[in-house]
Amino acid sequence: MRNLLYGFILIALVITNTTFANASEVTVYSARQEHLIKPLFDKFTSETGIEVRYITGKAGALFQRIAAEGKNTKADVLMTVDAGNLWNAAEKGIFQEVSSQKLNDNVPANLRDADGRWYGLSVRARPIVYSTERVKPSELSTYAALTDEKWKDRICLRTSKKIYNQSLVAMLIKQNGKEKTGEIIKGWVDNLAVAPLSSDTKVIEAISAGSCDVGIVNTYYLGRILKKDTDFPVSVFWPNQDEDGVHVNISGAGVTKYAKNKDNAVKLLEWLTSEKAQTDIADNNLEYPVLKETPYSSVITKWGDFKGNDINVAWLGELQTEAIILMNKYDYK
Ligand code: FE
């Protein structure tokens, strides 16, 4: 009788355990959209047999949810865009430290957290874009040079409320200090053709419509337009190539502090940085791979290669508050 009782207890323990850690699944909370992640997860599952469950939502809402769920969270991985967001999540204690030789080999050191709490999975460059009808590339050089009088009433920018621009300004602060960066922001604002716009796509469209001649956007937004219209009259100029390089940011992910499927979570991150997955990411999202030697999508090869700024992208989070204060100070709305 007693043996039978022990037997039941043992079976109960095994069942309880499997509801917490399942050898064949991993759960992702993703601020990246379903159409970008699902094809990758499907491939991962067919190669490894590990099922990927996921929910998608806004980064802020997912952070709050994971924090509120605490130890009971189902999230093993949090995936989002912008190093500023990843840095914030790490500060809030959402991630745990992961050490993986594969991740360290595949992801350049400046595109991951020094403590292994998050890793870049794709690179997003934020260069200058220009009207191919009204601007010659030889007229362009650096972000700072957009403060020149010749650009008066010719610049379009996205709102400073978007983290992409906060991260860009954070990089400028790290590179040039607050005073010089303040001058750059002031110069941009003085040269604006129209009030700051709500999206990168609107900046690109305003340039093609003739409302302005230059802007600063993430390249994949232009890539999406060029995929449908190869003659679209806006192109990319890589700024700061003789200096510190173009501003680069990442999409990325980390393993949550209370992950029930940590091993599978690490396997998923490692797989996402493999050559096969990186090629897919570059192709589908029109972003740049983190893994060296991975080919770019043919849609964007005409922009050529670039030198990216190589500060650790954690600085984009570290200096975010300073960036917001500075943009407010110089009336960048
Ligand atoms: Fe975006």
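Author: A residue counts as buried when it has under 20% relative accessible area, and as exposed when that value is over 50%. Keep in mind that this is a predicted model.

Reader: Thanks! With that cut-off, are Tyr 164 and Tyr 221 buried or exposed?

Author: Let's apply the cut-off of under 20% relative accessible area. Tyr 164 falls in that class, and so does Tyr 221, which makes the answer for both: buried.

Reader: Which residues coordinate the iron ion?

Author: Look for OH atoms at 2.0 to 2.1 Å from the iron ion. In sequence, the donor residues follow the spacing Y-x55-Y-Y. Tyr 164 in helix H6 and Tyr 221 in helix H9 are 57 residues apart, linking distant parts of the chain. The coordinating residues are Tyr 164, Tyr 220 and Tyr 221.

Reader: Now to helix H2: how far does it reach from its first C-alpha to its last?

Author: Helix H2 runs over residues 34-48, which is 15 residues. At 1.5 Å a residue, 21 Å is expected. The model comes close to that, with a reach of 20 Å.

Reader: Why are the buried residues of H2 on the same side?

Author: The buried residues in H2 are Leu 36, Ile 37, Leu 40, Phe 41 and Phe 44. They lie on the same side of H2 because, around the axis, they cover an arc of only 105°.

Reader: And which residues are exposed on the other side of H2?

Author: The buried residues have covering elements that include strand S1, strand S2, strand S3, helix H10 and helix H11. On the other side of H2, the exposed residues are His 35 and Ser 46.

Methods
Residues are numbered from 1 along each chain as its sequence is written. This is a predicted model: local features need pLDDT of at least 70, side-chain atom pairs count only at pLDDT 80 or more; totals for chains, interfaces and linings use all residues. Side-chain values use heavy atoms; hydrogens and water are left out. Donors are N, O and S atoms within 2.8 Å of the metal (3.2 Å for Na, K and Ca); water is not among the atoms, so sites may look incomplete. Helices (H or I, at least four residues) and strands (E, at least two) are DSSP runs, numbered from the N terminus. Buried means under 20% relative accessible area, exposed over 50%, partly exposed in between (1.4 Å probe, protein chains only). The expected span of a helix is 1.5 Å times one less than its number of residues. The arc is that of the directions from the helix axis to the C-beta atoms. Contact means heavy atoms within 4.5 Å.
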